[in-house]
Amino acid sequence: QVQLVESGGGKVQAGGSLRLSCEASGRTFSISCTGWFRQAPGKEREFVAAITRYGDLTYYGDSGKGRFTISRDNAKNTVYLQMNSLKPEDTAVYYCAGRSRPLCGQYEYDVWGQGTQVTVSS
């Protein structure tokens with residue numbers, strides 16, 4: 001089993017930055033791809049970004065392009081999502097997810113964290 005724990009969410013003013021962290025524990029070797037998703041109230045969950053096991057490839061959804069950067073530190077079993085120039089429409093619960101199957105990006109994921117709230121005020 002793999003456990004994912006997100007941290008780093010909070011409240012920030014528009015134009016500010018936050019860095020989310022996703023720490024994995026357990027059978028981390030089974031995860032070939034780690035992604036970030038978000039879900040705002042009343043909206044469907046959307047794909048933000050993903051990164052392969054060794055960080056050689058990254059993928060971004062429309063919501064993550066340009067202002068967000070995904071990265072990882074395998075020594076810490078942690079994946080990060082750096083979010084800059086935040087806007088009120090970025091307000092959502094952000095989830096980390098792990099995928100053990102081939103291919104990385106906007107695909108189905110196998111394990112999910114509990115989520116961390118990001119609130120951006122205008």
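Start by selecting Asn77, which lies in the loop between strand 7 (68-73) and strand 8. Remember as you look that this is a predicted model.

**Stop 1: Asn77**

Check the backbone first. Asn77 has a positive phi of about 50°, yet it is not a glycine.

Is Asn77 buried, partly exposed or exposed? Its relative accessibility is 34%, so Asn77 counts as partly exposed.

**Stop 2: the largest pocket**

How many lining residues are nonpolar, polar and charged? The lining of the largest pocket divides into 6 nonpolar, 5 polar and 2 charged. The volume of the pocket is about 190 Å³.

**Stop 3: Ala75**

Go back to the loop between strand 7 and strand 8, and select Ala75 there. Ala75 has a relative accessibility of 77%, so it counts as exposed. The cut-off for exposed is over 50%.

Ala75 and Leu103 are 28 residues apart in sequence. From C-alpha to C-alpha, the two are 23 Å apart in space. Draw a distance line to see it.

**Stop 4: Ser85**

Next, follow strand 8 into the loop that joins it to strand 9 (92-99), where Ser85 is found.

**Stop 5: Cys96**

Move on into strand 9 and select Cys96. Is Cys96 buried or exposed? Its relative accessible area is 0%, so Cys96 is buried. Anything under 20% counts as buried.

What is Cys96 in contact with, once neighbours within four places in sequence are left aside? Select these residues in turn:

- Leu4, Glu6 and Cys22 are among its contacts.
- Thr34, Gly35 and Trp36 are also among them.
- Val111, Trp112 and Gly113 are in contact with Cys96 too.

Phe37 and Cys96 are 59 residues apart along the chain. Their C-alpha atoms are separated by 6.4 Å.

**Stop 6: the whole chain**

Clear the selection and zoom out. Switch to a cartoon view. How many helices and strands does the chain have? It has 0 helices and 11 strands. From the N terminus on, the elements run β-β-β-β-β-β-β-β-β-β-β. The radius of gyration of the chain is 13 Å, close to the 14 Å that the globule rule gives for 122 residues, so the chain is as compact as a globular protein of that length.

Along the principal axes, its C-alpha atoms fill a box of roughly 40 × 25 × 25 Å.

Buried residues make up 43% of the 122 residues. Of the contacts with a separation of 6 or more, 55% are between residues 24 or more positions apart.

Finish with a surface view. The accessible surface comes to about 6,500 Å². Carbon and sulfur atoms account for 47% of that surface.

Conventions:
Residues numbered from 1 in each chain as written. Predicted model: local features only at pLDDT ≥ 70, side-chain atom pairs only at ≥ 80, totals over all residues. Heavy atoms only, no water. 1 Å grid on protein atoms, 1.4 Å probe; cavity = no way out; pocket = protein on both sides within 12 Å on 5 of 7 lines; lining within 4 Å. Points joined across faces, edges and corners; volume = space filled by probe spheres on them. Nonpolar A, V, L, I, M, F, W, Y, C, P; charged D, E, K, R; others polar. Helix = DSSP H or I, 4+ residues; strand = E, 2+ residues; numbered from the N terminus. Rg over C-alpha atoms; globule rule 2.2 N^0.38 Å. Buried < 20%, exposed > 50% of the residue type's maximum accessible area, 1.4 Å probe, protein only. Contact = heavy atoms within 4.5 Å. Areas by Shrake-Rupley, 256 points an atom, 1.4 Å probe, with all protein chains shown as cover.
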